[in-house]
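Here are a few friendly notes to read alongside the structure. Please keep the view open as you go through the points.

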Amino acid sequence: METAIRMSGLGGQGVVTAAHILGSAANMEGQNATVNPFFGAEKRLAPAESYVRISDTAIYDVGEVVYPNIIAIFHSDVITQGKSYTMPFFSGLREDGVIIVNSDRDLAFTADETARLKDLNAKVYFVDATEIARTVGKVELAANIAMLGALQGLTGIVSVEALHEACRERFGGKVKMIASGTTGALDDAIRKQFDKVERLMAANSAVLDAAREKAASLKT
């Protein structure tokens, strides 16, 4: 069975990175996954989308996800300001679909939007991923990791262990320690790089877990 995810946000939020991490996590669990980014002008705050398909069988469709099972909205402007390539924001959502919105408050939908979402039996969740990233990870840019945590907590599309491993693979890099013939300056540089990477991965792990727990508590 295939699950299609559409991620919508703004340039600079890490929408493309989040999609790649999710796809990698699915691969690590033996599932098939395809990841396709879509964006226009490569500038901060311009609309950006990424599409992920995950299945336990071969995937033949590529490109835009027109009929998603899950929609992840990385910035409320996608909804309130129409900063999206796909309008309305829930366009094509399948019946019983899930929408996850990064917002510090529940957004007010129009009467028509509310009625259409009800007809689809859609579940809409608001998670303040930006605040979780800021308070737990001490960096707002980790909001995309918080969104992945929320996605896992609400849908279980991949395991949290696989997400952690995919994050480590994406951000960890490979620091090769040279045992001999190095100068003190090189040793210091390697040590600083290693420490920085370790702190980054620890922060991402904490953000992912905090968002997952918060989102799971919202399930009805």
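1. A definition to start with: a residue is called buried under 20% relative accessible area, exposed over 50%, and partly exposed in between. E2 has a relative accessibility of 30%, so E2 counts as partly exposed. Please bear in mind that this is a predicted model.

2. Which residue does E2 pair with in a salt bridge? Its partner is R53, with 3.6 Å from N to O. The two come from distant parts of the chain, E2 from strand 1 (residues 2-10) and R53 from strand 3 (residues 47-55), 51 residues apart. R53 is buried because its relative accessibility is 6%.

3. In total, the model has seven salt bridges. Another of them joins R116 to D112, at 3.7 Å from N to O. Both residues belong to helix 3 (residues 111-119), where four residues, about one turn of the helix, separate them. R116 is partly exposed at 38%, and D112 is partly exposed at 47%.

4. Helix 7 (residues 184-216) holds R212 and D209 three residues apart, so about one helical turn lies between them. Their closest N and O atoms are 3.9 Å apart in a salt bridge.

5. Now for a helix pair. Helix 4 (residues 129-136) packs against helix 5 (residues 143-155) at an angle of about 115°, with the axes 8 Å apart. Their crossing is right-handed. From helix 4, A129, T130, I132 and A133 meet A143, A146 and M147 of helix 5. This contact has six nonpolar residues, one polar and no charged ones.

Notes:
Residues numbered from 1 in each chain as written. Predicted model: local features only at pLDDT ≥ 70, side-chain atom pairs only at ≥ 80, totals over all residues. Heavy atoms only, no water. Axes fitted to C-alpha atoms, helices over the stretch in contact; angles between N-to-C directions. Left-handed = near helix turned anticlockwise from the far one by under 90°. Contact = heavy atoms within 4.5 Å. Nonpolar A, V, L, I, M, F, W, Y, C, P; charged D, E, K, R; others polar. Salt bridge = Lys/Arg side-chain N within 4 Å of Asp/Glu carboxyl O. Buried < 20%, exposed > 50% of the residue type's maximum accessible area, 1.4 Å probe, protein only.
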